[in-house]
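Morning, everyone. Please look at the sequence and the model on the screen, and then I will walk you through a few parts.

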Amino acid sequence: MSRLITSITAEQKAQIPNYIKKWVDMASGETDIAEADRAVEDIYADMGLKKPTILHFDSPNACYQALPALEQSRGKEMTPRLYAHLSVHLSRLRSQLNSQMDRQLESYLHSRLSQHLNSLMDSQLSEQLLSQLNSYIRRPMDFLFKSPLRISLIVFWRLVWVGYYDYARYIGVQFDEHKLDLMIRFISNIGFCSPFTNVFIYSLKPTEIHWANGRLHNPDGQAVRYADGWGWYALNGIPMEEWQVTTPTGDLSLGKILLVEDIDQRRELVRRVGVELLASEGKELDRAGDYKLLDMRAVYKRNTPTLFLLMKNPSVPDTWHCEGVGNECKTVRDALNWRKPDAMKRIPVSENGEGWYQQGDVCIWPANALMLKEFPCVLT
Amino acid sequence: MTKKNCGNILADGELTGHAHRVTLQVMEREDGVREFQGETTVTHEEHKPVKLPYLAWNSAKINEYDYYTEMAREVRD
């Protein structure tokens, strides 16, 4: 019976950042095609299936392009089965870890290692890849065949778990080595795949992934780039359109920036041109704390009030948002009230009203409130 | 009035996949207001968490004015 691990040494603790780096780096770079192919063969054998024809392409986009031509020969969809198979194996490894590690230590490592990996591999890389692929399948031609997303699996986020187990093995947890080795070989080489009974299609890893402060970020080009040039742009963790990153700062017009619908993209563009330029181009009508009410009619080339509220993000340092408000606003206070959700505006405002909360662009208030305070008691 | 099950999500980020989440069941009314009940913490990848005491809660997104379409709408992120 394995002993219970209750603590780690200073040396083991010092290795945590190295393990995070090791597994973050694993998401990009050269794919070991021979090892990837062997891992696929082994996974299929593990599921009781014969070896499929294994095809690899330069990017998830290239995989999608190949799917229609394989429709007759690829066999049955295997995505749910592969998903379940990986989940079962990973949870068995998790059980082995839990039985050998003190709960307090497990909780410590979860917060220091797996949560960190999770924010990179899941919240950033996998979510953004999914978002890119979703926008891809919205194009009309893609409805000619079955939704590619339904028959594909994003494997990147499972790097979180094999990375965690790899570290746990280093500090002495004894796993079923055959299972762990299979999971590591498969997951570290295949970030994205479309599995069928006869054919297994996978994408090679991105050749480049650019990170800054734990977020996808590249001010000079694509943040994620595959060998065939497919990929996407991102600034400070926000997926951006190509022009938003590649247009020289001096050529970015404020009019164009203020037309960008997504407030996170707009925020990043404001950061690019500098909030000072925005403030200097608008006429300041009122100021209160970190808020300024600006009339941007000159930028919009209009003759009537064109009002924007410029405000500092309370959670992200040195970040400003600029959002349009109704042209009847005269003060920052008017603008803050104008922005409230319609259902909230119907509730009378009073000093004695109930407190409410705001997190970013979401307001939260007591459902049974008869009156509300004018401003949130907590704003983050 | 029919309500839509939104899982534990108060609002989704369309591009980032980030979301304002609670640990409770969230239902959306026909007017877009999302309802949940209980004590919880609202989390989001880019914002500090907000602790809420035990109550019935409503939530909705703030508005902004789009000078291109000349219409008010919920902010998009």
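A term to begin with: two strands pair if DSSP finds at least two bridges between them. Helices (H or I, at least four residues) and strands (E, at least two) are DSSP runs, numbered from the N terminus. Now the ground rules. This is a predicted model, so to speak of local features we need pLDDT of at least 70, side-chain atom pairs count only at pLDDT 80 or more, and totals for chains, interfaces and linings use all residues. Residues are numbered from 1 along each chain as its sequence is written, while chains are lettered from A and ligands numbered from 1 in the order in which they are written.

First stop, a sheet in chain A. Strand S13 (residues 307-312) and S14(A) pair antiparallel, over five bridges. Lys312(A) sits opposite Trp320(A) of S14(A). Both strands belong to an open sheet of four, in the order S11-S12-S13-S14, with antiparallel pairing. Which strands stand at the edges? They are S11 (283-288) and S14 (320-324) of chain A; each has a single partner strand, so one side of each is left without a neighbour in the sheet.

Move to the other end. S11(A) and S12(A) run antiparallel, joined by five bridges. Glu284(A) stands opposite Leu294(A) in S12(A). Their hairpin has two residues between the strands, and Gly289(A) takes a positive phi near 55 degrees there.

Next, a helix: H2, residues 16-25 of chain A. Are Tyr19(A), Ile20(A) and Trp23(A) buried or exposed? They are buried. Buried means 20 or more other C-beta atoms within 10 Å of the residue's own; exposed means 12 or fewer; partly exposed is in between, with C-beta atoms placed from the backbone. These three cover an arc of only 100 degrees around the axis, which puts them on the same side of H2(A). That arc is taken from the directions from the helix axis to the C-beta atoms. The face turned away from the buried side carries exposed residues, including Pro17(A) and Lys21(A).

Last stop, where chains A and B meet. The contact takes 39 residues from chain A and 36 from chain B. Contact here means C-beta atoms, placed from the backbone, within 7 Å. On the chain B side, S6(B) gives the largest share, 11 residues. Strand S17 (residues 362-366) of chain A runs antiparallel to S6(B), and five bridges join them. Val362(A) has Lys61(B) as its bridge partner in S6(B).

Note on methods
Two residues are in contact if their C-beta atoms, placed from the backbone, lie within 7 Å.
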